[in-house]
Each structure stands twice: as structure tokens, then as C-alpha cells.
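Let's take a look at how charged side chains pair up in this protein. Here comes the model.

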Amino acid sequence: MNVRRLPLDEVEERELFGRLPDDEARAELVRRFLPLAEYLARRFNGRGESADDLVQVASLGLLNAIDRFDTGRDVQFSTYAAVTILGELKRHFRDKGWSVRVPRRLQELGLRINSTLPTLYQELRRSPTIDEIAERVGVSGEDVLEAMDASQAYSTTSLDTAASEDGAAPVDLLGEDDPSIAVLEEWAAVAPVVRRLPQRERTVLYLRFFRGLTQSEIAEEIGVSQMHVSRILAQTLRAIRDAVGPGDVVLPDLEDDLTD
Amino acid sequence: MPALRDLGVVSLAIPADPNHVHILRGVAASVAARLPMSLDDVDDLRLAVDEAAARLLQLPGGRRLSIEIAASTDGLEVTIETDAQAERWPGPDVKATLPWKILAALGDHVAFERREGTAMIRFRKRVTSFEVRV
């Protein structure tokens, strides 16, 4: 086997890959290649998804690439990552059927609303009402409701896709401690799917149901749009329901003080 | 505080079919939008309707699923009901079940009830949008 000289970056990368599944090494790889994910995500702008959401999808592709990369093969990681990220972005559009089902007018309105929300939230220091959003965007309240509905019109993800398709955002990987796991154990005992949820989904569940944060507060906390939080909650609750099945299962009585 | 004003009752029945639940969600959101209810609250309301409807649809034998929304300046009182067979529902531990916990986080005054031939889930969603959160 011929030993070729590797540029310094590549040497470091190999070292980082060698340390996997170490969280720090993973976070460092994410940090290095996030610009690539962002760059590729931008290529899908203007297709009815917010830039934030696209970066999330691209980041998921990056995470998958990091986990699946085989350093034994004679392929540069950046090449492999680019292919994986593009695949994830394309699959996102194909799976969601977004551009097919949601009329362009509503997609655009959804984006406009989405980009208005943070400003309104800042100004009012609370979640705006439908009328306030409508007035700011210059449409009727009915239009706002319709666009909100459309933004939720993503295909309902099944259990497995919920767990594998929508990965953790890089920001989650960098977080130090994750109290959500211990607290959510109560739910996980009756719905094991909770354990398999991606970090971001778990965090959203935890913040909404155990910390009592509003959707807007969660959006600020984890750095995604309110609409995205709303979508994550709807899909995650649905996945949990599907997993639990019919009939009521009584939750185990865990330490209540964990929740405060 | 302005006096409580009754804004009427909206009710609608659909076939007991998960594919129609979005209609109930939409109706609830539309009624909520008439109040100064925050986007967060409207979204919570949708999730709550979804959760309650899904729970009721799991009961066997239901043909209809209906919603009744009583609106006032104070908020909404939502009742979702089905004509399903539910002799043993809700059980004594209902408050320790996942649907209950989820609904209790999304709304107030949650109640799971069974009456002659029907099973119902009720909850309230109060108008909170004008309380400034600090």
C-alpha cells in the first residue's frame, strides 16, 4: 500500500474520525464541515422551505455522513459528505412532497409569515395573535391560518422515519448536559420510541411538556423557527401515539422533582 | 378586566376516521383566531384537538366524532366526543396516562368522561396572549 502524504487538515480529520464515537470529536467534525452543509443547503433556496429548515436538513446529512464515513476507503470526507448531504436534501423534498402538494402561493406566504414571526415576537415580547400576523404580512387572518396549516402539511412521518430522518442539529451536539433524557424516561417507559427520538425532538418534548416553555420560547432556545417547533411537536406526538397504540398505558411514578 | 362575553358555540361532526381529524383542527384554529389568542396558543390548541381526537378514535365502534367549541372573551371550551363503545374507559388511572399528561400541558381543566353511549374529552384553552411574559 502506498503511503501518501496527507495535508494537515486531512491528518487531523482522520484523527478525529479515529476518536469516534467520541462526542467532542463528532462536534469538531460538525463544526468544520457545517459551512459545506450550509453552502449546499443554499442551493435549494426558493423551493418553498425556509433557509433555517434547509440548513437543518443539510446538517442531518452531515451527521449521517460523519457516522457512516469509512476512513478505510480512498475517498475524501468532503466528497463523501457532499454526496450524502445532497442526498438528504433531495430526499427531504421528495419525501415531504412539499412542492407538489402545497400551492406556491401558500408556500410563499408561509415563508413570509415565518420570517415575520421573530420580529413580531421581539416587538410584542409575546407570541403574536393571528390578526397581528395578518396585519403585518398584509393578508387576511384566514390566509394566515391556511398557510400555517399548509406548513404542517408535511407527510406524517412514521415511527422509524421520525427517529432516523430528522437528526439532531449541531447545536444539540455541542450542549453539555441533557436533562431531557432522565425526565423523559417516564414517557419512554410506556413509549420506548422516545428513547430513539433524535436529540432535537427529545429536547423540544422536554422543554414543552416538562419545562412548560411556549413554542416561541423553545424556538428561541434551540434556534429554529416557531413553525418548525410546531411541526416537530405535531410529528413527535403523532409518532409517540402510533408507537403506544390503542389503550391507555399508565405511566410509572417517577420522581416528580425532576420536572421542576 | 372587561366583562366576560359569550361568543357562541360552534359544533361539527365528522366520520370517526383519522383522515378527517384535520377538519376539527382547522375549525378549532379558526374559532381561536377570532379571539386575541397567541399563535403559540392556537398551535397548542391544534395539538390538543389532535391528541384528544386520536385517543377517542382508538375506542372501538365509534362512527362519529364531533367537536363543540364554546367561545367567550375568556377563551375556548372544547369538547370532543364519539359514540364509541367504552365501558371501561376512562380507567381509574387516567390522569397518569400519556394522552392526559399531554392534554394537561396543552390546555386547562382536562376531563375524560363517559356518558350514556358516548365518550368525551374536554379541555379549556384560555386567552393568555396579552399577558406579557418576562
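## A pair inside chain A

Start with Glu12(A) and Arg32(A), whose side chains meet in a salt bridge (2.5 Å, N to O). Here a salt bridge is a side-chain nitrogen of Lys or Arg within 4 Å of a carboxyl oxygen of Asp or Glu. Glu12(A) sits in helix H1 (residues 8-19) of chain A and Arg32(A) in helix H2 (residues 23-42) of chain A, so the pair ties together parts that are 20 residues apart in sequence. Helices here are DSSP runs (H or I, at least four residues), numbered from the N terminus.

How exposed are they? Glu12(A) is partly exposed at 29% relative accessibility, and Arg32(A) is partly exposed too, at 27%. Buried means under 20% relative accessible area, exposed over 50%, and partly exposed in between (1.4 Å probe, protein chains only).

## A pair across chains

Asp50(B) and Arg241(A) also form a salt bridge (3.6 Å, N to O). Asp50(B) is in helix H2 of chain B and Arg241(A) in helix H15 (residues 226-244) of chain A, so this pair joins two chains. Asp50(B) is buried at 8%, and Arg241(A) is buried at 13%. Both belong to a salt-bridge network that also includes Arg238(A), Arg25(B) and Glu51(B).

## About the model

This is a predicted model: local features need pLDDT of at least 70, side-chain atom pairs count only at pLDDT 80 or more, and totals for chains, interfaces and linings use all residues. Residues are numbered from 1 along each chain as its sequence is written, chains are lettered from A and ligands numbered from 1 in the order written, and side-chain values use heavy atoms, leaving out hydrogens and water.
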